[in-house]
Amino acid sequence: MKDVSIHPTAIVDDGAQIGEGSRIWHWVHVCGGARIGQGVSLGQNVFVGNKVSIGDRCKIQNNVSVYDNVTLEEGVFCGPSMVFTNVYNPRSLIERKSEYRDTLVKRGATLGANCTIVCGITIGEFAFIGAGAVINKDVKPYALMVGVPARQIGWMSEHGEQIPLPLEGEGSYSCPHSGQVYRLQNDSINRAL
């Protein structure tokens, strides 16, 4: 594990793969089957399960547990104390490890502080989940989601600012920070290449 910074209070089980330049802070536990990319930051009191894949340059803030069957692509931001699940209908008295549902968070998405991601869904590229939201269905790329249960109220740019286009219809917007052009078509946003 070249150029990996691991705080003395952290526990990294044998077999864990951790990419170059990653930082693991106080009281983190990384299980042996975890795969963590390059330049990842795991904040204080983070847990990473065995069947977890974390892409390059993800930032996982304090008090987040990334349970089995969760995949984070490159550049995902997990806000403080946000929650993943992996069993849809848990009971203490019934073993359901064979029923874990996969959760996929695609490249560049932001998961706000204290939000909850119900297992078995996909969050699209550069989607933005507001603080405290509860996500219980798939989220479109670039969608801005808030509330309990979450609903889409807009679109977000890759720069992290709201795109002034309606939820439906057609239109385009040029980001003043990056120059990237976003096109609304068929009720979805795509970035022009």
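Reader: How much space lies in the largest pocket?
Author: Heads-up: this is a predicted model, where local features need pLDDT of at least 70 and side-chain atom pairs count only at pLDDT 80 or more, while totals for chains, interfaces and linings use all residues. Residues are numbered from 1 along each chain as its sequence is written, and side-chain values use heavy atoms, leaving out hydrogens and water. On a 1 Å grid over the protein atoms alone, a pocket is an open set of points with protein on both sides within 12 Å along at least five of seven lines, and a cavity is a set where a 1.4 Å probe fits but cannot get out. Points are joined across faces, edges and corners, and a volume is the space filled by probe spheres set on them; for the largest pocket that comes to about 190 Å³.

Reader: Which residues lie nearest the centre of the largest pocket?
Author: Lining residues have an atom within 4 Å of a point. The largest pocket has 13 of them, and those nearest its centre are Gly75, Gly108, Thr110, Phe126 and Glu158.

Reader: How much space lies in the largest cavity?
Author: The structure holds one cavity of 30 Å³ or more. Its lining is Ser157, Glu161, Gln162, Ile163, Tyr173, Cys175, Pro176 and His177. The space inside is about 30 Å³.

Reader: Is serine 157 buried or exposed?
Author: Serine 157 sits in the loop between strand 22 (151-156) and strand 23 (162-163), strands being DSSP runs of E with at least two residues, numbered from the N terminus. The cut-offs are under 20% relative accessible area for buried, over 50% for exposed and partly exposed in between, with a 1.4 Å probe and protein chains only. Serine 157 has 5%, so call it buried.

Reader: What is serine 157 in contact with, leaving aside its neighbours within four places in sequence?
Author: Its side chain reaches the backbone nitrogen of histidine 159 at 3.2 Å, but that residue is a sequence neighbour. Contact here is heavy atoms within 4.5 Å. With neighbours within four places left out, the partners of serine 157 are Ile163 and Tyr182.

Reader: How many bridges join strand 24 to strand 25?
Author: Two strands pair if DSSP finds at least two bridges between them. Strand 24 (residues 171-174) and strand 25 (residues 181-185) run antiparallel, with serine 174 opposite valine 181. The bridge count for this pair is four.

Reader: Which residue in that hairpin takes a positive phi?
Author: The hairpin of strand 24 and strand 25 has six residues between the strands. Phi is near 80° at glycine 179.

Note on methods
A polar contact is a pair of N or O atoms within 3.5 Å; within protein, one must be able to donate a hydrogen and the other to accept it, and residues adjacent in sequence count only if both atoms are side-chain atoms.
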